[in-house]
Amino acid sequence: MNLLDELVLAGLPLPVEEWKFAATIKRKWAFDYAWPDQLIALEVEGGIWMDGRHVRGSGFMGDMEKYNCAALFGWRLIRVTPPSIENGHAFRLVSAALLGNNPTAEMFPIKLKKGKKKVKK
């Protein structure tokens, strides 16, 4: 099931797609999905495992500028990957934000393994 269908079934508001939030500073930045009345935004970060725009230097820096600007405007930004939308994780995060619920451990099930850095002698 996709995110929009899940929102409808839960009786939650649908987002505005491609919401431009920084026109007052003459930027064309847009969120993938936004709930402007609640200042909640969802960004779907694709291509993270195949050298996509979001993980290359200039794309990463551009996203940082965009996200920092959004934070200064008071937006709460949720970043997800396409699989997070497919498996319902994005819905759980968005619905918690829309309902004003605090985070729970179940919302953040992924624990990345930290590798030891090898020091060259």
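**Reading a helix and its sheet**

Mentor: Let us begin with one residue of this predicted model. A96 is found in helix α4, which spans residues 89-99.

Trainee: Is A96 buried or exposed?

Mentor: The cut-off for buried is under 20% relative accessible area. A96 has a relative accessible area of 6%, so A96 is buried.

Trainee: Which residues is A96 in contact with, leaving aside its neighbours within four places in sequence?

Mentor: These contacts of A96 are with N101 and M107. M107 lies 11 residues from A96 in sequence, and the C-alpha to C-alpha separation of the two is 9.1 Å.

Trainee: Let us turn to the sheet. What is the order of its strands?

Mentor: Strands of a sheet pair through backbone hydrogen bonds, in either a parallel or an antiparallel manner. Here, 4 strands form an open sheet in the order β1-β2-β3-β4, and the pairing is mixed. β1 (16-20) and β4 (76-80) are at the edges; each has a single partner strand, so one side of each lacks a neighbour in the sheet. On average, neighbouring strands of this sheet are turned by 40° against each other, direction ignored.

Trainee: How many bridges join β3 to β4?

Mentor: Strand β3 (residues 40-44) and β4 run parallel and are joined by 5 bridges. A41, for instance, has L77 as its bridge partner in β4.

Trainee: Which strands does α4 touch?

Mentor: Helix α4 packs on the sheet and touches β2 (30-35), β3 and β4. The direction of α4 makes about 170° with that of β4.

Methods: Residues are numbered from 1 along each chain as its sequence is written. This is a predicted model: local features need pLDDT of at least 70, side-chain atom pairs count only at pLDDT 80 or more; totals for chains, interfaces and linings use all residues. Side-chain values use heavy atoms; hydrogens and water are left out. Helices (H or I, at least four residues) and strands (E, at least two) are DSSP runs, numbered from the N terminus. Buried means under 20% relative accessible area, exposed over 50%, partly exposed in between (1.4 Å probe, protein chains only). Contact means heavy atoms within 4.5 Å. Two strands pair if DSSP finds at least two bridges between them. Axes are lines fitted to C-alpha atoms, for helices over the stretch in contact, and angles run from 0 to 180 degrees between N-to-C directions.
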